[in-house]
Amino acid sequence: MKKATKAEIQIIKEAFQENFNDAVTELNYKNDYELLIAIILSAQCTDKRVNIITPALFEKYPDVFTLADAKIEEVKELLKSCSFFNNKAKNIIKMAQSVILDYDGDIPHNEKELIKLAGVGNKTANVFMIEYAGANLMAVDTHVFRVSHRLGLSYEKTVEKTEVELVKKLKDDLHIFHQAMVLFGRYTCKAINPDCNNCLFPQVCKTTKSFKPA
C-alpha cells in the first residue's frame, strides 16, 4: 500500500481539525488525580467500563493520601470488572504512594516524571499531558494505530515507531489529531465493519484491513 502523499496528509489534517477541534477524552474526571487513574484503568479496557467503575473508587479514595493507605483487597473489589484489575489495583496504590513521597502529593505534569510512576508508561503519560495540558504530543492506542495505517500515515509495526512517524508528519496540533483518531477509530473507522459511508477520507483511505500493533 502506498503511503499518504503530502497533499493527502494536508487533507487529513484539515478534516480532523475541522471535525474534532474541540474533542476531549470520554473518560470522566474532575481533576488530575482522577484523570491519571482513569487513564491507567483504561489500558485494554473500554472508557465506558472505566466510567462505571471510577465513581465508587473516587468516592472512597478521593485523593492520593486516602488511596496510598488503601487496603489492596478493597481496591481490587472496586476494580474487579476491569481488565487486569489485580495489577491495576497494585499500581494505583503504588502510584499514590510515590506521588506523596516524591512529589509532595501533587500529580506531576511532565511526561518524564509521570512515567516514573507505577502503571504509567509512555502512552499513559502522553494521554494525560494531551488531555490535561493540551500538550503537543502523540499517543498511539489501537484506534490511532489502525486509523494511521488505513490512511497511509504510517506502516510501522510497533506503537513506538508509529508514534515517531505521526509526530514527524503531523508536527503541530498533535493533541487534536490524537483525540480525533481515537474518536474516528472508535465510532467510524472501526476495526470490524468500518462505517465507510460516513468516512471523512474516502479519497484518501488505502484499505479497510484491520491493523494491530506488534
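Leaving aside its neighbours within four places in sequence, which residues is Asn126 in contact with? Point 3 takes this up. The model is predicted.

1. **Overall fold.** The protein chain has 11 helices and zero strands. Along the sequence, the pattern is α-α-α-α-α-α-α-α-α-α-α. The radius of gyration is 18 Å, close to the 17 Å that the globule rule gives for 214 residues, so the protein chain is as compact as a globular protein of that length. Along the principal axes, the C-alpha atoms fill a box of roughly 55 × 30 × 30 Å.

2. Of the 214 residues in the protein chain, 48% are buried. Take the contacts with a separation of 6 or more: residues 24 or more positions apart account for 62% of them. The protein chain exposes about 11,100 Å². Carbon and sulfur atoms supply 51% of that area. On charge, the protein chain carries 29 positive and 28 negative charges. Their mean positions are 10 Å apart.

3. **Asn126.** This residue lies in helix 8, which covers residues 122-133. Is Asn126 buried or exposed? Its relative accessible area is 3%; buried means under 20%, so Asn126 counts as buried. As for the opening question, Asn126 is in contact with Glu111, Leu137, Met138, Ala139 and Glu163, once its neighbours within four places in sequence are left aside.

4. **Helix 9, cover.** Helix 9 spans residues 142-150 and is mostly covered. Eight of its nine residues are buried. Among them are the charged residues Arg146 and Arg150. His143, Val144, Phe145, Val147, Ser148 and His149 are buried as well.

5. **Helix 9, packing partners.** Which helices do the buried residues of helix 9 pack against? They pack against helix 1 (6-20), helix 10 (159-170) and helix 11 (174-187).

6. **Helix 9, both ends.** At the start of helix 9, look at Asp141. One of its side-chain oxygens reaches to within 3.0 Å of the backbone nitrogen of His143. His143 is also one of the buried residues of helix 9. Just after helix 9 comes Gly152, which takes a positive phi of about 80°.

Conventions. Residues numbered from 1 in each chain as written. Predicted model: local features only at pLDDT ≥ 70, side-chain atom pairs only at ≥ 80, totals over all residues. Heavy atoms only, no water. Helix = DSSP H or I, 4+ residues; strand = E, 2+ residues; numbered from the N terminus. Rg over C-alpha atoms; globule rule 2.2 N^0.38 Å. Buried < 20%, exposed > 50% of the residue type's maximum accessible area, 1.4 Å probe, protein only. Contact = heavy atoms within 4.5 Å. Areas by Shrake-Rupley, 256 points an atom, 1.4 Å probe, with all protein chains shown as cover. Charge placed at Lys NZ, Arg CZ, Asp CG, Glu CD. Polar contact = N/O pair within 3.5 Å; in protein donor to acceptor, adjacent residues only side chain to side chain.
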